[in-house]
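Please follow the account below with the sequence and the model side by side.

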Amino acid sequence: MAKYEKLLFQILRGTSDANIAFRDLCQLLGQLGFEKRIKGSHHLFTKYGVEEMINIQKDGSKVKPYQVRQVRQIILKYKLGGDI
């Protein structure tokens, strides 16, 4: 299983939202086809066909847990997880 597939599974499982590395989540969103732009400390991700904009911020080297939950909801809503 590739690194980003493991991370996607970890996010979808929802048991370790406070332990997701910021850098890894940025890479995963890129793999899922999101485009990134940075405005201050906010990293904004958009994708054609996805109404919501994903906004994530660093919390040390991790992502804030509530933002991981928001990402999970978008992945599930738009079925971006593939076969996982």
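Three strands make up an open sheet, in the order β1-β2-β3 and with antiparallel pairing. Two strands count as paired if DSSP finds at least two bridges between them, and helices (H or I, at least four residues) and strands (E, at least two) are DSSP runs numbered from the N terminus. The edges of the sheet are β1 (35-39) and β3 (54-56), each of which pairs on one side only. From one strand to the next the twist averages 25°; axes here are lines fitted to C-alpha atoms, for helices over the stretch in contact, and angles run from 0 to 180 degrees between N-to-C directions. This is a predicted model, in which local features need pLDDT of at least 70 and side-chain atom pairs count only at pLDDT 80 or more, while totals for chains, interfaces and linings use all residues. Residues are numbered from 1 along each chain as its sequence is written, and side-chain values use heavy atoms, with hydrogens and water left out.

Within the sheet, β1 pairs with β2 (residues 42-46) in the antiparallel sense over five bridges. These two strands form a hairpin with two residues between them, and in the turn Gly 40 has a positive phi of about 70°. Along this pairing, Lys 39 stands opposite His 42 in β2, and Arg 37 stands opposite Leu 44. The pairing of β2 with β3 is likewise antiparallel, and three bridges join these strands. Here Phe 45 is set opposite Ile 54 of β3.

How many of the five residues of β1 are buried? The number is zero, so β1 lies largely in the open. In this account, buried means under 20% relative accessible area, exposed over 50%, and partly exposed in between (1.4 Å probe, protein chains only).

In α2 (residues 22-31), the buried residues are Phe 22, Leu 25, Cys 26, Leu 28 and Leu 29. They cover an arc of only 160° around the axis, which puts them on the same side of α2; the arc is that of the directions from the helix axis to the C-beta atoms. The other side of α2 has Arg 23 and Gln 31 exposed. Just after this helix, Gly 33 takes a positive phi of about 95°.

Helix α1 (3-13) can be read in the same terms. Its buried residues include Leu 7, Leu 8 and Ile 11. Because they cover an arc of only 100° around the axis, they are on the same side of α1. Among the elements that cover the buried residues of α1 are α2 and α3. After α1 comes Gly 14, whose phi is positive, near 75°.

Helix α3 (residues 65-77) has 13 residues and reaches 19 Å from its first C-alpha to its last, close to the 18 Å expected at 1.5 Å a residue. The expected span is 1.5 Å times one less than the number of residues. Buried in α3 are Gln 67, Val 68, Val 71, Arg 72, Ile 74 and Ile 75. Seen down the axis, the buried residues fall within an arc of 165°, so they line one face of the helix. Their cover includes α1, α2, β3 and β5 (62-63). On the face turned away from the buried side, α3 carries the exposed residues Gln 73 and Leu 76.

Gln 67 has a relative accessible area of 2%. Leaving aside neighbours within four places in sequence, Gln 67 is in contact with Asn 55, Ile 56 and Gln 57. A polar atom of the Gln 67 side chain lies 3.4 Å from the backbone oxygen of Asn 55. A polar contact is a pair of N or O atoms within 3.5 Å; within protein, one must be able to donate a hydrogen and the other to accept it, and residues adjacent in sequence count only if both atoms are side-chain atoms.

The segment after α3 contains Lys 79. Although Lys 79 is not a glycine, its phi is positive, at about 55°. Is Lys 79 buried or exposed? At 70% relative accessibility, Lys 79 counts as exposed.

Notes: Contact means heavy atoms within 4.5 Å.
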